[in-house]
Amino acid sequence: MELLTPGTGLILWQAIVFVLLFILLSRLAWKPILASLKERETSISDALNTAEKARQEIASLKSDNEKLLKEAREERDRMLKDARDAANRMKDQAAADAKKQGDKIIEDARIAINIEKQAALKEVHTQVALFSLEVAEKLMKKNLAGDKAQKDLVDGYIKELKLN
Amino acid sequence: MISRLVLIVLFVGFSQASFASEAADSSKAFNASEVILHHVLDDHIWHFFDGHYGTLYLPIIVYSSERGLESFSSHNFYDEHHNIVEYNGYKLDHNHIYLSDSGESVLDLSITKNVAMLFINATLMILILTAVARGYKRNVGKAPKGIQAFIEPIIVFVRDEVIKPNIGPKYEKFLPYLLTLFFFILFGNLLGLLPGAANLTGNIAVTMVLAVGTFIITNVSGNKAYWGHIFWTPGVPLPLRIVILPVEIIGIITKPISLMVRLFVAITAGHIVLLSLICLVFVFGSVYVGIGSTLIVLFINLIELLVAGIQAYVFTLFSSLYIGMAIAEHAHDDHH
């Protein structure tokens with residue numbers, strides 16, 4: 001039965017020692033230990049958060065880079081295309097211009113040739129007319145030497161007129 | 001395999017022993033229950049082994065209204081043959097001190113075996129835990145080292161697995177008390193397992209003080225919801241509330257009583273089992289029983305190491321639970 005009856009002295013000593021122990025340990029042990037543990041935990045979680053943030057930043061930087069690269073590539077492609085287009089356009093323009101120029105030259109030449117031709121033809125006509133007149137004059141001179149010849153000629157004209 | 005071997009050895013030992021005891025009638029009767037109780041109970045002397053230097057005589061401090069406060073060595077109660085004698089008007093009887101004239105008991109504030117053990121326990125706790133605290137100062141922001149690395153997981157475990165989930169967000173205020181409680185019981189349990197050590201945490205006075213500590217903290221920090229729940233249980237029909245009221249009031253008291261009894265019984269029972277097994281050897285006086293019971297004692301000792309941790313855990317767990325229940329901010333209206 002003595003096992004179950006708490007001794008007064010022990011109760012008092014236990015109470016005193018436990019309260020002292022509680023006060024001492026709170027000051028000397030638990031306060032610094034728990035503070036350090038908490039500090040370490042927050043520093044670890046902070047470090048983890050920072051690492052995570054850095055990782056995200058790197059990822060976003062990478063995606064930014066990729067975006068920039070893509071944009072640059074697109075820009076380059078566009079510029080190349082533009083240049084090609086411009087060159088093509090210029091080439092076409094030049095070709096067209098050249099063609100137009102050529103056509104104009106040809107046209108001018110043709111016109112000049114025509115004018116020359118006309119002039120030449122006119123000259124030829126005139127010359128031919130002159131030659132014809134000369135020839136005719138010579139012939140006339142020779143053939144219309146007699147009356148008969150003159151009469152035949154007139155007849156011939158008359159015939160011709162009739163026929164017309 | 002080993003356990004079977006142990007059993008065989010034990011049975012052979014028993015049969016041998018029964019013959020032995022019949023053959024030679026022991027001259028001095030061995031009283032096992034007396035030995036066990038003597039080891040489990042508190043005492044005014046600390047007996048380590050037989051012989052002249054085997055006993056530590058602890059100081060006696062007594063107070064009585066007639067004679068006031070007096071202090072002397074417990075050696076005065078024993079003569080050279082280790083018989084109990086009266087000293088200076090005081091009489092020691094079954095570890096209680098009385099005035100020899102009037103036969104009245106005095107207030108015994110002696111440094112008994114358990115009080116000495118209590119001092120050792122407290123000193124060890126302060127030494128070890130301040131060493132741990134110094135470790136944090138020495139290697140700030142570094143991994144724990146030495147004793148710090150050994151104790152830190154226990155502190156973190158108690159904080160994160162025992163206290164935090166049971167008390168809730170306001171757990172930090174109760175950490176110093178609950179950690180002191182946990183380590184006091186753990187150290188007490190482990191020290192109590194040492195040969196020759198006193199059964200500190202298996203003493204009902206010690207567990208009572210610890211339980212009262214939890215009781216006071218629980219009821220002092222109890223909020224409106226806690227008291228409202230006890231005196232006017234919400235969500236229960238009116239006639240039932242009248243019935244529940246005494247039950248709840250008894251509940252306030254039974255919680256610390258269960259704490260007190262659980263620790264006391266678990267530790268004391270463990271010691272009694274160990275001592276009984278050891279006493280078997282002396283009862284039977286046989287080598288075989290000696291081998292068998294030593295093996296079993298070894299095994300039980302390992303279990304006791306486990307129990308030491310478990311009981312510290314359980315006491316802290318239930319203390320946290322009771323405190324947590326007292327400070328919980330729960331909006332209960334209907335269900336219970």
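Mentor: In this predicted model, the largest nonpolar core has 67 residues. Those with the most contacts inside the core are Trp30(A), Ile33(A), Ile155(B), Phe183(B), Phe184(B) and Leu210(B). Two or more residues come from each of these elements: α1 of chain A, and α3 (113-138), α4 (146-167), α5 (175-192), α6, α8 (238-284) and α9 (287-327) of chain B. The largest share, 12 residues, belongs to α5(B). As a general point, nonpolar side chains tend to be buried together in soluble globular proteins.

Apart from neighbours within four places in sequence, Trp30(A) is in contact with Leu25(A) and Ala35(A) in chain A. In chain B its contacts are Leu129(B), Ile155(B), Pro176(B), Leu179(B), Thr180(B) and Phe183(B). Two of these partners, Ile155(B) and Phe183(B), are also named among the residues with the most contacts inside the core.

A second, separate core has 11 residues, including Val62(B), Phe77(B), Leu92(B) and Ile97(B).

Asn121(B) sits in helix α3 of chain B. Its relative accessible area is 0%, so Asn121(B) is buried. Not counting residues up to four places away in sequence, Asn121(B) touches Phe184(B), Phe187(B), Gly188(B), Leu191(B) and Leu200(B).

Thr201(B) is found in the loop between α5 and α6 of chain B. Its relative accessibility is 1%, under the 20% limit, and therefore Thr201(B) counts as buried. Beyond four places in sequence, the contacts of Thr201(B) include Phe184(B), Ile185(B), Gly188(B) and Asn189(B). Thr207(B), Leu263(B), Phe264(B) and Ile267(B) are in contact with Thr201(B) as well. Leu263(B) lies 62 residues away from Thr201(B) along the chain, yet their C-alpha atoms are separated by 7.1 Å.

Val62(B) stands opposite Asp108(B), which is in β7(B). Strand β3 of chain B, residues 59-64, is joined to β7(B) by 2 bridges, and the two run antiparallel. Both belong to an open sheet of 3 strands in chain B, with the order β4-β3-β7 and antiparallel pairing. β4 (68-73) and β7 of chain B stand at the edges with a single partner strand each, so one side of each has no neighbour in the sheet.

Ile97(B) belongs to β6(B), where Ile97(B) and Leu99(B) make up the covered face. The uncovered face of β6(B) has His96(B) and Tyr98(B). β6(B) is joined by 4 bridges to β5 of chain B, residues 90-93, and these strands run antiparallel. Within this pair, Lys91(B) stands opposite Tyr98(B). β5(B) and β6(B) form a hairpin with 2 residues between them, and His94(B) in the turn has a positive phi of about 50°.

At least two lining residues are supplied by each of α1 (8-143) of chain A and β6 (96-99), β7 (107-108) and α6 (204-221) of chain B. The largest share of the lining, 3 residues, comes from α1(A). By type, the lining divides into 13 nonpolar, 12 polar and 4 charged residues.

The lining of the second largest cavity divides into 2 nonpolar, 3 polar and 2 charged residues.

Definitions and conventions:
Residues are numbered from 1 along each chain as its sequence is written. Chains are lettered from A and ligands numbered from 1 in the order in which they are written. This is a predicted model: local features need pLDDT of at least 70, side-chain atom pairs count only at pLDDT 80 or more; totals for chains, interfaces and linings use all residues. Side-chain values use heavy atoms; hydrogens and water are left out. Ala, Val, Leu, Ile, Met, Phe, Trp, Tyr, Cys and Pro count as nonpolar, Asp, Glu, Lys and Arg as charged, and the others, Gly among them, as polar. A nonpolar core is a set of buried Ala, Val, Leu, Ile, Met, Phe, Trp, Tyr and Cys residues joined through side-chain atoms within 4.5 Å. Buried means under 20% relative accessible area, exposed over 50%, partly exposed in between (1.4 Å probe, protein chains only). Contact means heavy atoms within 4.5 Å. Two strands pair if DSSP finds at least two bridges between them.
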